[in-house]
Amino acid sequence: MKPAKDKVMSTAEDEKESTDMLEEQRSSGEKTGMPPTAEKNRGSDRTKMSVEHLNFYYGETLALKDVNLSIRENHITGLIGPSGCGKSTFLRTLNRMNDIIPRTRLEGRVLLDGTDIYQQNIDLSVLRRRVGMVFQKSNPFPKSIFENVAYGLKVGGLRDRTALEEKVEKALKDAALWDEVRDKLHTSALQLSGGQQQRVCIARALAIQPEVILMDEPASALDPISTAKIEELIQDLKKDYTIVIVTHNMQQAARASDYTAFFLLGEVVEFDETSNIFTNPKDKRTEDYVTGRFG
Amino acid sequence: MMQMARGAIHIKGFVFKGLTIAATAVIVAMLVLVVGNIVLNGHQQLSWGFFVKAPEMGMTAGGIFPAIFGTVALVLLMTIAVVPLGVLTAVYLHEYAKPDSRVARLIRVAVGNLAGVPSIVFGLFGLGFFIHFIGGGIDKFLLGGEVAWGQPAIIWASLTLAVLTLPVVIVSTEEALRAVPDDYREASLALGGTKWQTIRKIVLPHSVPGILTGSILAVSRGAGEVAPIMFTGAAYFLPYLPTKLNDQFMELGYHIFVMSTQSPDIEGTKPILYGTVLVLLILTFVLNLLAILIRSRIRMAQRRAR
Amino acid sequence: METETVATEEEKRIPADLGRRRSERIKEWLVEKFILLNAMVAIGAIVLIFVFVGKEALPVFTSPEVKEEASLSEFFLPQKYSPEKSPDFIWQPVSERPKYSIIPLIVGTLKATLVAMLFAAPLGVAAAIYTSEFAPGWVKETIKPIIELLAGIPSVVLGFFALIVLASMIQSIFDFTFRLNAVNAGIALGLAVIPIIYTVSEDALNAVPRQYREASLALGATRWQTAWTVALPAALPGVFAGMVLGFGRAVGETMIVLMASGNAAIISWNLGESIRALSASIAAELGEVVFGSAHYHALFFLGALLFMVTFIINLSGAAYVERLRLKLTGGKG
């Protein structure tokens with residue numbers, strides 16, 4: 001149950017270095033086809049978010065028990081485990097989406113760049129712009145594609161038409177949807193196919209340029225081709241974003257994520273580099289799950 | 001013997017079903033009777049002149065334009081007051097109030113009771129509260145005793161009607177808000193929207209058809225009620241149209257009432273009377289049909305989206 | 001290559017820190033409080049109605065001048081209006097010796113309401129049984145809007161119809177002496193009440209779980225037997241609630257009774273005689289009263305009485321209908 005120890009940079013690390021690092025990564029730009037282990041030495045070594053001794057309650061029921069995890073910047077962290085064991089609940093604690101459910105309670109700390117996001121006076125709107133989310137069931141608004149993608153920017157206060165158009169275009173390009181919709185930006189998003197709607201939701205989340213993207217089984221409702229496209233997309237996004245993804249599909253987790261956490265009954269049984277989880281798990285329960293003996 | 005029992009059952013069934021069909025038929029027949037009688041006796045009056053002229057010769061000739069104008073003005077003022085109030089109340093109940101909130105329960109009890117208050121009691125309320133208390137208060141404290149607002153006026157009548165139709169708007173709006181999928185609200189919050197931004201940009205626009213239905217039903221109700229306006233501003237014959245908020249006004253329903261019960265020449269005014277009733281009936285029917293249509297289109301759209 | 005990140009950062013105008021900005025926080029708080037204030041108006045309205053109708057009715061209990069003419073005993077107890085005649089109940093506020101017995105008014109209201117319920121309840125319930133148990137889809141879809149249209153007819157129109165047309169029809173059928181009487185008003189009232197009884201009964205029947213009906217049919221019962229022995233009994237509480245609400249509506253209805261009942265404060269069991277109802281009395285006399293007179297306060301007392309009675313009736317009826325609605329919508333209501 002020990003999380004992989006990152007080489008956390010000293011707290012005196014200033015933002016400029018990581019920004020430069022981000023720029024370096026973007027300009028070097030090529031997608032790596034190398035297996036996850038080799039990724040360890042590319043990109044940032046910073047811990048973007050960390051969770052310390054998290055207990056989460058629905059009413060009286062303890063849903064998450066003593067969870068400790070570090071989410072590494074610019075990497076993909078996957079959460080696997082049988083259904084109903086808390087993966088989605090955990091994901092939602094990272095952007096405080098559980099706040100809207102009545103009678104929930106949280107103990108422990110969730111840190112974003114060193115700040116506990118559950119303390120008083122945190123502006124939830126700002127938090128959610130920095131930690132974005134893509135839902136399992138795509139839920140574009142009954143508005144045009146453009147309005148959907150621009151929504152987060154508008155509520156954030158951006159009014160300038162040209163800036164909006166630029167950012168919408170960039171977000172749709174990053175979501176690999178631009179070519180398909182460039183001529184019908186102002187038609188309803190609900191007329192697109194399932195896979196396209198999900199990519200609109202991804203573009204929508206990307207438009208506000210969050211630092212972390214949370215994805216709750218983003219491809220579970222899609223056909224294999226759309227799923228492949230989305231997996232490709234996620235690999236591309238890694239360069240600029242930190243990604244946490246919940247998935248039922250173990251092959252997907254093995255392919256896509258750098259680090260994997262195995263959740264069972266609300267606890268993190270094991271958290272390690274993905275290659276270790278799948279080829280050399282330390283806990284028997286993990287081994288049973290990844291070899292298909294249950295779940 | 002089973003054969004005989006079976007036969008008796010079938011006869012009983014025939015009678016039972018027949019009675020229920022008969023009851024339904026009677027109801028429909030009565031509706032046809034009422035509407036038919038009014039249409040038959042009133043349709044000849046529906047000329048262009050009827051709609052644009054004022055009454056002449058002691059209500060035995062001319063038109064009913066002032067009553068139409070007064071009704072429209074009354075209902076317009078009422079709508080301006082009741083729709084924002086009703087929508088915001090429904091928004092509070094559905095979007096802000098916690099599930100076990102005592103305030104929310106109190107509001108719902110109040111709304112339920114408001115819906116059951118007899119219309120004449122609203123008239124008494126309008127008289128005692130709006131005219132004497134508020135209007136009289138304005139006259140006493142702001143105008144130094146001049147009698148300008150402490151008397152029957154279109155503003156008081158429309159506010160009285162607004163209180164009467166408030167439950168209609170609240171119930172329809174809540175229904176519309178309930179139909180907005182929670183997915184949309186979650187998506188908006190996850191993108192950094194605040195609660196009010198979510199309501200303003202996503203929830204309310206999606207509820208517009210339902211809110212419209214409620215407003216139309218409120219208008220139809222308000223145009224038909226007479227008891228609340230009898231003592232709060234309606235008048236039988238006025239030589240002027242209401243142009244100020246403290247003017248009195250003529251109104252279709254009130255006109256019908258007075259003409260039917262206090263006209264010196266009932267046979268002479270019968271044609272005009274029937275024509276006026278027909279106009280009011282057409283007005284309320286059209287509004288109700290419109291609301292029914294919008295509502296069924298909403299239901300079809302919801303079924304398609306599923 | 002491009003210093004895109006930095007330029008976009010400035011353009012963004014979204015602060016990078018997590019602290020809650022005071023202006024935003026205050027704005028959201030203000031909006032919520034404003035909306036709450038609006039929502040409280042509904043509570044305020046009921047309270048104000050209670051206060052202002054009650055305030056003007058109070059002198060009946062408190063003011064000695066008013067009590068001389070119109071007091072509780074005047075309202076309810078038999079009065080000896082003249083030495084020759086025996087004690088009686090008469091409502092005649094405008095006369096040399098004002099008489100304020102409200103017993104005739106109560107009797108009148110009850111008579112009209114009785115006729116209305118006798119007319120409307122069987123029709124409304126039977127029609128509801130038809131649409132929910134027997135009627136094919138297209139019939140159902142036509143009947144419901146028709147009932148809604150009936151509900152939309154203004155009461156002044158129904159009153160007009162009763163006054164001009166129905167009264168003559170009834171007089172020729174029943175050979176009554178007076179055109180305007182309890183039967184005339186009652187039937188017109190019934191037309192107004194049918195939609196309420198129909199809608200609530202239909203909801204109650206629809207709320208009966210399919211399993212009950214299916215079990216009955218599977219045991220060999222016919223549709224009508226199922227309707228009569230399974231569905232209707234199960235829906236009975238809801239049907240009853242509908243009748244309570246209809247009753248409340250009939251008691252409070254003003255225009256129909258005002259125009260169709262004859263407005264004569266007669267106490268008798270004969271339904272063919274004119275009546276004077278509580279609601280109609282207020283409407284008929286409020287225009288003529290002197291502000292502040294005993295008559296004025298007596299009329300407000302009548303209003304307060306009506307308000308209380310319908311308040312209680314509706315509270316019980318509506319509570320049950322709400323429970324029914326929750327059942328129908330699967331508890332999400």
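**Ground rules.** I am working with a predicted model, in which local features need pLDDT of at least 70, side-chain atom pairs count only at pLDDT 80 or more, and totals for chains, interfaces and linings use all residues. I number residues from 1 along each chain as its sequence is written, and chains are lettered from A and ligands numbered from 1 in the order in which they are written.

**Chain C, domains.** I took the bounds from the domain assignment, which gives domain 1 as 2-57 and domain 2 as 99-328; such bounds come from an automatic or database assignment. For contacts I used C-beta atoms, placed from the backbone, that lie within 7 Å. On that basis 4 residues from domain 1 of chain C and 6 residues from domain 2 of chain C take part. I sorted the domain 1 side by class and noted 2 nonpolar, 1 polar and 1 charged. Nonpolar here covers Ala, Val, Leu, Ile, Met, Phe, Trp, Tyr, Cys and Pro; charged covers Asp, Glu, Lys and Arg; the others, Gly among them, are polar.

**Chains A and B.** I then turned to the contact between these chains, which takes 16 residues from chain B and 20 residues from chain A. On the chain B side, α7 (182-190) and α8 (195-224) each supply at least two residues. Helices (H or I, at least four residues) and strands (E, at least two) are DSSP runs, numbered from the N terminus. I found that α7(B) gives the most, with 6 residues. By class, this side of chain B has 7 nonpolar, 5 polar and 4 charged residues.

**Chain A, strand β8.** I checked burial of β8 (residues 242-246) and found 5 of its 5 residues buried (20 or more other C-beta atoms within 10 Å of the residue's own, with C-beta atoms placed from the backbone). Thr242(A), Val244(A) and Val246(A) are on one side, Ile243(A) and Ile245(A) on the other. I next listed pairings (at least two DSSP bridges between two strands). β3 (residues 76-80) of chain A runs parallel to β8(A), with 4 bridges, and Ile76(A) has Ile243(A) as its bridge partner. β7 (residues 212-216) of chain A is also parallel to β8(A), with 5 bridges, and Val212(A) stands opposite Thr242(A).

**Chain A, hairpin.** I ended with β9 (residues 259-264) and β10 (residues 267-273) of chain A, which pair in the antiparallel sense over 6 bridges. Leu264(A) stands opposite Glu267(A). The hairpin has 2 residues between its strands, and Leu265(A) in the turn has a positive phi of about 50 degrees.

How values were computed: Two residues are in contact if their C-beta atoms, placed from the backbone, lie within 7 Å. A residue is buried if 20 or more other C-beta atoms lie within 10 Å of its own, exposed if 12 or fewer, and partly exposed in between; C-beta atoms are placed from the backbone.
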